[in-house]
Amino acid sequence: MKKPVLVIMAAGMGSRFGGLKQIEPVGDKGEIILDFSLYDAVMAGFKKVIFIIKKENEEAFRALIDEKAGKHIDVEYAFQCLDDLPCGYSVPEGRQKPWGTAHAVLAARKLADGPIAVINADDYYGPGAFQSIYDFLEKAEDTDKYQFCMVGYKIENTLTENGHVSRGVCQMSDDGMLTKITERTKIQWQDDKIVYTEDDGATWTELPRGTIVSMNFWGFTPAMMKEMERRFPAFLDKALNENPMKGEYFLPGVVDELIQEGKADVKVLKSMDRWYGVTYKEDKESVVCALRSMKDKGEYPEILWR
C-alpha cells in the first residue's frame, strides 16, 4: 500500500484576519502554525506533504517551508485556480471567491495517488491527532464501503474569545462512526454558553459542551478524490443557478452525502487536544503564549528545524 500523504489547504487569504494568516509568525523563533503541524506530521510518520495554495503566494510559501520543514519532508505544491472547472463550465463574470474546500483538495488530484490526510494551514491540531490519523490511513482498505476517518474535537476546545467560527457539528453512532455532519458558520461563546445562529443573530441555539465538531482534519482512501471529481458538476449546476458569486463546494458536504448514500464509513478519532488558530488578529497573543508553554514543557524542541 502507498504511504499516507498530508494535504494542506492554504489557498485562503484569511479575510477576517486581514491578511495571509497562514504565514503569520506565532513562535518566538519565527515559526508559523504550519511549522508545528509539519513537525507533528513528520513525527507521526508522514514523508510527503502537498500544499494547496494560490499561484501568486508560491514564493512566500517556499521561503518559509522549503529550507526548514522541506529538509525533513518531501514538499510539493498544487494551485487552486478559479477556472479549474470541468469541461463545459466557466467562471461567472465577477466571481473572485474560491470554490471551497472540496475544490481545493481536488487541486492535488494529479499529485496524490494514495491515502491522504487533509488539514487547514492555519489551525493547530496537536500531535495526537496526526498520529491517530496516520495509523488509521496506513491500514485503511475500502471494503463494500469506503473507509474514511475524521479527527473530532470537543466544541469548547475549538472556540475563540474574539468572535464566531465555522465548525462541522457531528452526530455519531454508539460505535464512534460519523452519521451526519452539519456545517454551522456562526458559532460563538455567549456568556458561558456555546451558541450558533443561522439568521444573523435574530435567534440563537445552544450547543452542549462535549459536542464533537470537525476541524477539517480528514483521512481518505484514494476513492475520495474520484468521488469529489465525479460530484463537482452537480454542485456547479446548483451553485451557478442559486449562488453564482459565493457558492462553495464543501469537503464535509461531500462526506455527508457519501454517508447518507451508504457508500462510506467514517470513523471519528476523538482528540482531547485544544485547537489553536488565528481566526482574528486578537487571537494571535493566546496562540503565541500556548506554543511557548508547550516548548517550556518539552512538548516541542526549542528549535523545530535544524
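Predicted model: local features only at pLDDT ≥ 70, side-chain atom pairs only at ≥ 80, totals over all residues.
I will start with Asn-216. It sits in strand β11, which covers residues 212-220. Is Asn-216 buried or exposed? The relative accessible area of Asn-216 is 12%, and the cut-off for buried is under 20%, so Asn-216 counts as buried. Its side chain makes a polar contact of 3.0 Å with the side chain of Trp-218. If we set aside the neighbours within four places in sequence, what does Asn-216 touch? The contacts are Met-9, Thr-101, Val-118, Ile-119, Asn-120, Tyr-125, Leu-251 and Pro-252.

Next, helix α7, residues 284-296. Which residues of α7 are buried? They are Val-287, Ala-290, Leu-291, Met-294 and Lys-295. Viewed down the helix axis, the buried residues of α7 fall within an arc of 140 degrees, and therefore they line one face. Note that a lysine, Lys-295, is in that buried set. The elements covering these buried residues include α1 (33-44), β5 (123-124) and β13 (276-277). On the face turned away from the buried side, α7 carries two exposed residues, Glu-285 and Asp-296. After the helix comes Gly-298, with a positive phi near 85 degrees.

Now the empty space. Rolling a probe the size of a water molecule over the atoms shows where such space is left. I will take the second largest pocket, which holds about 530 Å³. It has 19 lining residues, and those closest to its centre are Phe-235, Lys-238, Glu-248, Phe-250 and Glu-257. Where does the lining come from? At least two residues each are supplied by β8 (178-190), α5 (223-242) and α6 (251-260). The largest share is from α5, with six residues.

Last, the cavities. How many cavities of 30 Å³ or more does the structure hold? There is one. The space in the largest cavity is about 30 Å³. Its lining consists of Ala-112, Gly-114, Ile-116, Thr-221, Pro-222 and Met-225.

To recap: Asn-216 is buried in the model, the buried residues of α7 line one face of that helix, and α5 gives the largest share of the lining of the second largest pocket. That is all I have.

Technical notes:
Residues numbered from 1 in each chain as written. Heavy atoms only, no water. Helix = DSSP H or I, 4+ residues; strand = E, 2+ residues; numbered from the N terminus. Buried < 20%, exposed > 50% of the residue type's maximum accessible area, 1.4 Å probe, protein only. Polar contact = N/O pair within 3.5 Å; in protein donor to acceptor, adjacent residues only side chain to side chain. Contact = heavy atoms within 4.5 Å. Expected span 1.5 Å × (residues − 1). Arc of directions from axis to C-beta. 1 Å grid on protein atoms, 1.4 Å probe; cavity = no way out; pocket = protein on both sides within 12 Å on 5 of 7 lines; lining within 4 Å. Points joined across faces, edges and corners; volume = space filled by probe spheres on them.
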